[in-house]
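Here is a friendly briefing to read alongside the model. Please keep the viewer open as you go through the points.

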Amino acid sequence: MFAGIDIASERHVLARLDAQGAPIGRPIPFGEDQAGHARLLEALGPPPVLVVLEATGHYWKNVFATLNAAGHEVVLLNPFTARRYQDVGLARTKTDAIDAEALARFAFERRPAATVLFDEVAEALRELVRHRDRLRQDFDDRVRQLHRLIDLCFPEFTRYVRGLSSMLATALIAEHPTAQAFARANPRRLARFRYDGRRRIGPELAEQLVTAAKRSVGRHHGAVYELQARHLCQDIDLWRLRLKEIDRDIEALLDAHEVGGLLLSIDGIGPQSAARIIAAVGDPARFRSAGAFAAYVGVVPALRQSGKMSGRIRASTGVMSNARLRRALWMPVLGAVRRNPWLRRFYERLRAAGKPPKLALVAAMRKLLHAVYSVARNRRPFVVHPESAPAG
């Protein structure tokens, strides 16, 4: 038997085909609850059945786990691949039942290999990395909102305290939310203020802030602005602590992961970069080659040529690549071409050959991904011997 499941948030649809590809009954809807999952297993019958379902958000995870536990062969399909397959059939109508039948037909015709999910540590890293991204987004949103308030209440403040996300800035603003509040402060008392429990503001900064506040062009000093500023500072302080906590958890999980800890031996790959690689792909060695891994990230050039049009090479950064991982590795690559000797030599050689800076950086990212793949495949820390440094 072959089966396809159209995944939704609360109600899924199952379609079945027999060994000859003929439909078995009508598509069966089932709910995302115990009764629904029991109905699913009853309709499938004894394992193994090859079941294809789309990776729709997070809604597929419980169904996948239920089918795996029952002994069925489950294939998790990229929605892009499913859409392309249906487009070949020129289908004009789209319903949940039709989508489920198309997935079952895909299983019958293509016989794809069952999907192997990440190990427990890699899955935990994936959840932590995504949670950290959400926290970081919230943190940055609060900082932008605080910038708006400071521009209204005390625009000169950022001349003396550069980053509003710092503990110094939030401690000062929470205590003195507006220019008017700073102007009323005693410079000596402000200089003794400890903003992190240990370090003091100091007489020079205190005098500068009080003097600037007395001449400030900020004209918004009401209670509503003070309330917003204090709440935003409290939020930023809380989010800062949570980010530090989650960073410690990520580093602890990396130490427990066979590949994650080894990736830290590569100059330019820190805990956050290593965690994002493991969160995105699990084990990089699962790819058939380093080139396939680089293509998944989206740093392999693609040749476009048709008819009389001459061949044109462009970066392969389409929907089939992982844009999130590529963006996450961009800043580490910028640092690596400065600190990593063999990668710096590779980058400088490309620049000396006349390659544009961005193209050379993309090539350096691919070279770094080859190092990641080598470490994962060999299960050994990365070591570059001077006489055998990677060539371009």
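**Briefing on the predicted model**

Arg 198 is exposed, with a relative accessible area of 58% (exposed means over 50%, buried under 20% and partly exposed in between, using a 1.4 Å probe and protein chains only). This is a predicted model, in which local features need pLDDT of at least 70 and side-chain atom pairs count only at pLDDT 80 or more, while totals for chains, interfaces and linings use all residues. Residues are numbered from 1 along each chain as its sequence is written, and side-chain values use heavy atoms, with hydrogens and water left out.

**Arg 198 in context**
- Arg 198 sits in the loop between α8 (187-191) and α9 (203-214); helices (H or I, at least four residues) and strands (E, at least two) are DSSP runs, numbered from the N terminus.
- From Arg 198 to Ala 364 there are 166 residues in sequence and 43 Å in space, C-alpha to C-alpha.

**Nonpolar cores**
- The largest nonpolar core has 85 residues, and Phe 157, Leu 172 and Leu 263 are among those with the most contacts inside it (such a core is a set of buried Ala, Val, Leu, Ile, Met, Phe, Trp, Tyr and Cys residues joined through side-chain atoms within 4.5 Å).
- Helix α16 (residues 357-378) gives the largest share of this core, 11 residues.
- Apart from it lies another core, of 17 residues, including Ala 3, Ile 7, Leu 53 and Val 63.
- Beyond its neighbours within four places in sequence, Leu 263 is in contact with residues including Ile 277, Val 372 and Val 375 (contact means heavy atoms within 4.5 Å).

**A buried charge**
- Asp 6 lies in strand β1 (residues 2-6).
- Asp 6 is buried yet has no salt bridge, and the nearest side chain of opposite charge, Lys 94, is 5.5 Å away.
- For reference, a salt bridge is a side-chain nitrogen of Lys or Arg within 4 Å of a carboxyl oxygen of Asp or Glu; Lys and Arg count as positive and Asp and Glu as negative, with His and the chain ends not counted.

**Cysteines**
- The whole structure holds 0 disulfides (a disulfide is a pair of cysteine sulfur atoms within 2.5 Å).
- Cys 153 is in no disulfide, and the nearest cysteine sulfur, that of Cys 233, is 11 Å away.
- Cys 153 is buried at 1% relative accessible area, and Cys 233 is buried at 0%.

**Backbone points to check**
- Most residues other than glycine have a negative phi, and most peptide bonds are trans.
- The peptide bond from Pro 47 to Pro 48 is cis, with omega near 0°.
- Arg 111 has a positive phi of about 50° and is partly exposed at 47% relative accessibility.
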